[in-house]
Amino acid sequence: MNLKDFLYELPREAIARYPAEQREDSRLMVVTRGEGPHRHSAIRRLPDELRSGDLLVVNDTRVQPWRLFGTRLSGGKVEILLVREEAEGLYRAMVSANRPLPEGERIRFRGGLEATLGPPGNERALQFSDAAHLSEWLEKEGELPIPPYLNRREESVDRERYQTVFARNPGAIAAPTAGLHFSAALNRELESRGVGFASLTLHVGPGTFRPVKSERIENHEMDSEAYFLPAEAASKIEKTRRAGGRVIAVGTTVVRVLETVAKERTGDETWAGEAAGETRLFILPGHSFRLVDGLLTNFHLPGSTLLMLVAAFAGRERILEAYRLARDASYRFYSYGDAMLII
């Protein structure tokens with residue numbers, strides 16, 4: 001398969017730069033995995049699109065304010081994106097500046113905090129000088145790393161709206177955006193209709209959004225991302241499947257966790273019990289899905305691994321047809337945009 005097979009044209013004005021006024025205000029396109037026309041609906045009507053006994057599996061990762069701006073001792077500006085914490089005060093980070101930053105370079109931040117850089121590389125070690133108060137400092141001075149295609153820095157609206165209502169476990173550098181459409185009121189309505197919820201964690205890292213540069217997409221390698229499937233969630237999934245309900249993933253990150261667990265438990269008769277580890281699973285057309293019966297997802301960037309996963313679930317031509325329809329019907333695209341339900 002070639003990268004060009006997953007490209008499409010999108011006008012810049014179709015990109016949602018800000019969230020809808022209310023979380024459940026977004027539009028929803030309903031796409032069947034078989035034949036039949038695509039339908040226009042709305043997130044508010046999601047309870048009508050699902051059935052009693054269905055299980056929505058959500059990602060409860062929490063986006064961290066890990067975008068930082070500092071200065072070199074010489075005065076030059078430095079931009080930093082923390083990727084993951086390795087020990088108290090020690091992080092892996094993506095660092096950029098106008099001039100090369102050697103190992104041992106010290107960077108200063110507001111409030112007197114300093115950090116020292118490790119050896120050069122795509123991700124570099126960054127040791128902060130005041131580990132004891134770092135979390136408090138990051139909450140005050142750090143920014144949420146909102147997507148670059150929004151063409152702006154974090155604003156006050158993002159502190160709430162770029163987190164899902166499920167966010168519990170800190171560690172992500174990007175939101176699992178399908179979950180952004182849910183509110184407490186919508187969740188109560190879904191539960192009153194007999195739709196259940198289960199939570200897992202995948203800390204979204206830069207690899208989820210790293211561009212595919214290989215013309216042959218099979219040559220692309222995903223970065224590893226940490227996941228955790230609690231025993232409670234695994235039990236709910238097993239009970240749902242045994243009862244004939246549908247397991248519906250809220251977002252591509254959930255799909256990757258569930259299909260990773262399914263792959264690792266090949267031959268098991270039960271899905272009960274927690275699972276944890278790192279996943280580099282790259283889901284492409286031809287993948288045989290074992291645990292996911294439905295998918296709620298946003299509209300993704302051309303040529304992205306996220307679009308390829310969605311195409312694997314519903315078929316490339318069918319998904320690209322839905323994207324063309326969404327574009328022509330003025331749907332809002334990407335992280336703060338509208339959604340698609342594939343069942």
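Is Y334 buried or exposed, and what is its relative accessible area? Y334 is buried, with a relative accessible area of 7%. Buried here means under 20% relative accessible area, exposed means over 50%, and partly exposed lies in between (1.4 Å probe, protein chains only). The model is predicted: local features need pLDDT of at least 70, side-chain atom pairs count only at pLDDT 80 or more, and totals for chains, interfaces and linings use all residues. Residues are numbered from 1 along each chain as its sequence is written, and side-chain values use heavy atoms, with hydrogens and water left out.

Y334 sits in the loop between α8 and β17. Its phi is near 75°, a positive value in a residue other than glycine. S330 is found in the loop between α8 and β17 as well. Phi of S330 is also positive, near 60°. S330, however, is exposed, with a relative accessible area of 58%. Most residues other than glycine have a negative phi.

Helix α7 spans residues 305-314. Helices (H or I, at least four residues) and strands (E, at least two) are DSSP runs, numbered from the N terminus. Ten of the ten residues of α7 are buried, so the helix is largely enclosed by the rest of the structure. The buried residues include T305, L306 and L309. Their cover includes two helices, α6 (252-264) and α8 (316-328). It also includes the strands β16 (294-298) and β17 (339-342). Just after α7, G315 takes a positive phi of about 105°.

The whole structure holds three cavities of 30 Å³ or more. On a 1 Å grid over the protein atoms alone, a cavity is a set of points where a 1.4 Å probe fits but cannot get out; lining residues have an atom within 4 Å of a point. Grid points are joined across faces, edges and corners, and a volume is the space filled by probe spheres set on the points.

Helix α7 gives the most, with three residues. The lining divides into six nonpolar, two polar and one charged. Ala, Val, Leu, Ile, Met, Phe, Trp, Tyr, Cys and Pro count as nonpolar, Asp, Glu, Lys and Arg as charged, and the others, Gly among them, as polar.

How values were computed. Contact = heavy atoms within 4.5 Å. 1 Å grid on protein atoms, 1.4 Å probe; cavity = no way out; pocket = protein on both sides within 12 Å on 5 of 7 lines; lining within 4 Å.
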